[in-house]
Amino acid sequence: MKTNEFDCVVIGGGHAGVEAANAAAKVGAKTCLLTISKDTIAKMSCNPAIGGLAKGQIAREVDALGGLMGLAIDATGIQFRLLNCSRGPAVQAPRAQADKYKYKDYMRMQLEQTTNLTIVEATVAEIITREKKVRAVRCSDGRIYSAPTVILTTGTFLGGLMHIGTEQFAGGRLSEPAANELSESLRQLGLKLERLKTGTPARLDAATIDLDKLEVQQGDEKPVPFSFMNETITRPQLPCWITYTNEKIHNLIRENLHCAPLYSGQITSTGPRYCPSIETKILRFADKKRHQVFLEPEDEEQSTIYCNGLSTSLPKDVQERMFKLLPGTENARIIHYGYAIEYDYCPPVQLKHNLETRKVSGLFLAGQINGTSGYEEAAGQGLVAGINAARKLQGKEPLILGRDQAYIGVMIDDLLTRGLDEPYRMFTSRAEYRLLLRADNADRRLTQIGKSIGLVDEKRWIRFQTKLENLNKLKSYLKNNRSGGISLWDQLRRPHNTFVENMAENPDIKNMNLAEDVLQAVTIDAKYEGYLAKQERLVAGFRTLEKKNIPADLDYNRIAHLRAEAKEKLSAFRPSTFGQASRISGITPADITVIQIHLKKSNDRVI
């Protein structure tokens, strides 16, 4: 076999590409990762952090399935915090700041040690197809890499255009070239491309910041790991700092909106509503006197600071004046300025649920090319695309995670059935079964699946089996032992019961020598037993609709009594089940009934 022939080619070495390449190779595909530079694999080009609300759940799911993200952040994190500790477990989520240099080095090392995976530095210019099937990719220097499956994880590089004030320059990230030829290649294949926008704040020299003026934010005393393979985090924790904007800064921004690309007409694409620039915040929340800014170290040496909350594309001189007015940064040196970037993406309505394009067999898309934002959303898609590319080659059914199984499943279903008009970001509110999709139980939801597809190794599997045995042992003990006439399990379920706090000190339980996560899991299962049972009943009804398939070639325009809007949207989205169809914006229960009646009358292949 020629050295340039592979089973799967992954284009792009960002957070989606890393997981895609690792998954495809481990599931059995001879894989090639094409990246502009090996030095930028898994580069944290925006906030050097993993996790957060809903994002932390995705990171845990990636880990439970056998991905790399959780292991990487545990090995390189510099501050760990469990968010929403005062609220219920369904909305609690881990978050950690990373040493961004160590993080990418860790990921590169893991990929370089992965059997079946070759990493090549190259810029891809064209996807080569024959009879609407992927055959190879051509690089800008003429090299050709053949493969029957290709996974595109291009991030913000497709047609990337960066903005700082009136300055405009092509680029996929700061000091990295854009990929313009590839955009044209995708259009030639019949894929529709549109534009989105994102941005990032300035980075400051930490040594020039007056930390005495700032509010300190420490990490958790007992850090919670991301990976289910780790019981503790022993790395040293660093603080972050909090400061606030003020009226002088707000006035400065208002006075200079005419030269802000977002408001001068220079940028016309849509940016992320939930991660707005400081310019947008000033206008959207005009009554607010100040906005919180987190100053977060980007590395263990605390050499540079990420200004979380100050994303901007204002001119350089305005950014300099802004920092002179911000408490603590009056004398700070700017390492590089904040900027906005516009880039091409492929509206995800063009995908199947396995993340393969409808128009080109063997071409998979993952990450920001599908209109999402965030490292975690990208990683989740990359993992699924890598698995499914390998399974397609093996003639196996694709991995499709349901909305009741994973946040990753919710995200992919949202992208395919609801479309988007702004960068997609995951929130707990998007998941209707979020009590089932907790950060703490991602392993119980997904490790079995990871094992069945070949991504979970024996070491993880043995660890998981041991945890299940300990869970069952503790539950059995609690249900079969009583105190004051009430089982210990029922005591655990009662609110404001001291047994919850003292359970670990029970002599019998203490002798079991159980890990902290086992005690936590059993406590949650007991306290939420009734709610979980209710949600499981809802899921059972949901699955009934999900199991009813719709023929892939159904001609909606021929269905009598189906509304014109429904015909248009269903023809565009091409849902594969009635469950998916019901979630498309504008599709009513009456539309679903009309389709079911039509299929029954025509004796079609469904129901």
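**Exercise 1. The second largest pocket**

Task: State the volume of the second largest pocket, and describe which residues and elements line it.

Solution. Step 1: the volume of the second largest pocket is about 1400 Å³. The model is a predicted one.

Step 1: its lining consists of 45 residues. Those that lie nearest the centre of the pocket are Glu516, Asp517, Val518, Leu519 and Gln520.

Step 2: With eight residues, H17 gives the most.

Step 3: sorted by class, the lining holds 23 nonpolar, ten polar and twelve charged residues.

**Exercise 2. A residue of helix H17**

Task: Find the element that holds Glu516, and decide whether Glu516 is buried or exposed.

Solution. Step 1: Glu516 has its place in helix H17. It is also one of the residues nearest the centre of the second largest pocket.

Step 1: the cut-off for an exposed residue is over 50% relative accessible area. Glu516 has 55%, so it is exposed.

Step 2: Glu516 and Trp461 are 55 residues apart in sequence, and their C-alpha atoms are 19 Å apart in space.

**Exercise 3. The largest cavity**

Task: State how many cavities of 30 Å³ or more are counted, and describe the lining of the largest cavity.

Solution. Step 1: empty space left between atoms shows up when a probe the size of a water molecule is rolled over them.

Step 1: the count comes to one cavity of 30 Å³ or more. The volume of the largest cavity is about 30 Å³.

Step 2: Phe80, Arg81, Leu82, Pro94, Arg95, Asp220, Val224 and Phe226 line the largest cavity. Strand E4 (77-83) and E5 are the elements that give two or more residues to this lining. E4 gives the most, with three residues.

Step 3: by class, five of the lining residues are nonpolar, none is polar and three are charged.

Step 4: compare the lists of elements.

**Exercise 4. Gln217 and its contacts**

Task: Locate Gln217, decide whether Gln217 is buried or exposed, and list what Gln217 touches.

Solution. Step 1: Gln217 belongs to strand E15, which covers residues 215-217.

Step 1: a residue is buried under 20% relative accessible area. The relative accessibility of Gln217 is 13%, so Gln217 counts as buried.

Step 2: leave out residues up to four places away in sequence. Gln217 then touches Gln79, Arg81, Pro239, Cys240, Trp241, Ile242 and Phe294. Among these, Arg81 also lines the largest cavity.

**Exercise 5. The whole chain**

Task: Compare the radius of gyration of the chain with that of a compact globule, then describe the chain as a whole.

Solution. Step 1: for 607 residues, a compact globule would have a radius of gyration near 25 Å. The chain has 25 Å, so the two values agree.

Step 1: the C-alpha atoms fill a box of roughly 75 × 70 × 55 Å along the principal axes. The chain contains 21 helices and 23 strands.

Step 2: of the 607 residues, 57% are buried. The accessible surface is about 25400 Å², and carbon and sulfur atoms account for 48% of this surface.

Step 3: take the contacts between residues at least 6 apart in sequence. Of these contacts, 73% join residues at least 24 apart.

Methods: Residues are numbered from 1 along each chain as its sequence is written. This is a predicted model: local features need pLDDT of at least 70, side-chain atom pairs count only at pLDDT 80 or more; totals for chains, interfaces and linings use all residues. Side-chain values use heavy atoms; hydrogens and water are left out. On a 1 Å grid over the protein atoms alone, a cavity is a set of points where a 1.4 Å probe fits but cannot get out, and a pocket is an open set with protein on both sides within 12 Å along at least five of seven lines; lining residues have an atom within 4 Å of a point. Grid points are joined across faces, edges and corners, and a volume is the space filled by probe spheres set on the points. Helices (H or I, at least four residues) and strands (E, at least two) are DSSP runs, numbered from the N terminus. Ala, Val, Leu, Ile, Met, Phe, Trp, Tyr, Cys and Pro count as nonpolar, Asp, Glu, Lys and Arg as charged, and the others, Gly among them, as polar. The radius of gyration is taken over C-alpha atoms; the globule rule is 2.2 Å times the number of residues to the power 0.38. Buried means under 20% relative accessible area, exposed over 50%, partly exposed in between (1.4 Å probe, protein chains only). Contact means heavy atoms within 4.5 Å. Accessible areas come from the Shrake-Rupley method with a 1.4 Å probe; for residues, only the protein chains shown count as cover.
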